[in-house]
Amino acid sequence: MAAPSAPGHHVEITETFVRFYVFHAQTLDRCLDQGQRESFPEKEHQAFLTEVRSRMGDMLAVNPVVKGKAEEESSRVLALAESYLKKPSKDLSGQIAHERAALKTKLVALSDLLAVFRAL
């Protein structure tokens, strides 16, 4: 998929960013909450995560710096989740809480921006 370039695609790009952060936040939530893992099968969660990561990569191809930041953040979150699921620890729980708080801040800002874009 070619990266959207027309000004009207700002909604689509912002929606994809929101989904990107939602699925990463859910990945961290699933580490600490058995109910989260049971409510949505891992296979489906991984499929949605893979799809949104691919879509982000396509959209961000026009800006290698932002693409690199998104890829680095995604890799960091996924590695943290994997480490925690292999060997849970209080230290990793703290790191998860820290990452989750950062994702929440981004989600709030992007959700507000998306609401404004949709109202235009």
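Tutor: Let us begin with Phe 20, which touches Val 52, Arg 53, Met 56, Ala 70 and Ser 74, leaving aside residues up to four places away in sequence; contact here means heavy atoms within 4.5 Å. This is a predicted model, in which local features need pLDDT of at least 70 and side-chain atom pairs count only at pLDDT 80 or more, while totals for chains, interfaces and linings use all residues. Residues are numbered from 1 along each chain as its sequence is written, and side-chain values use heavy atoms, with hydrogens and water left out.

Student: Which residues touch the most other members in the largest nonpolar core?

Tutor: Among its 24 residues, those are Phe 17, Phe 20, Tyr 21, Leu 28 and Ile 96. Such a core is a set of buried (under 20% relative accessible area, 1.4 Å probe, protein chains only) Ala, Val, Leu, Ile, Met, Phe, Trp, Tyr and Cys residues joined through side-chain atoms within 4.5 Å.

Student: OK, new topic: how many aromatic pairs does the structure hold?

Tutor: The structure holds four, where rings of Phe, Tyr and Trp (its six-membered ring) pair if their centres lie within 6.5 Å, and planes under 30 degrees apart count as stacked, over 60 as edge-to-face and the rest as tilted. One of them is the stacked pair of Phe 17 and Tyr 21, with 6.3 Å centre to centre and 25 degrees between the planes.

Student: And are Phe 17 and Tyr 21 buried or exposed?

Tutor: Both Phe 17 and Tyr 21 are buried, and ring pairs link Phe 17, Phe 20 and Tyr 21 into a cluster.

Definitions and conventions
Buried < 20%, exposed > 50% of the residue type's maximum accessible area, 1.4 Å probe, protein only.
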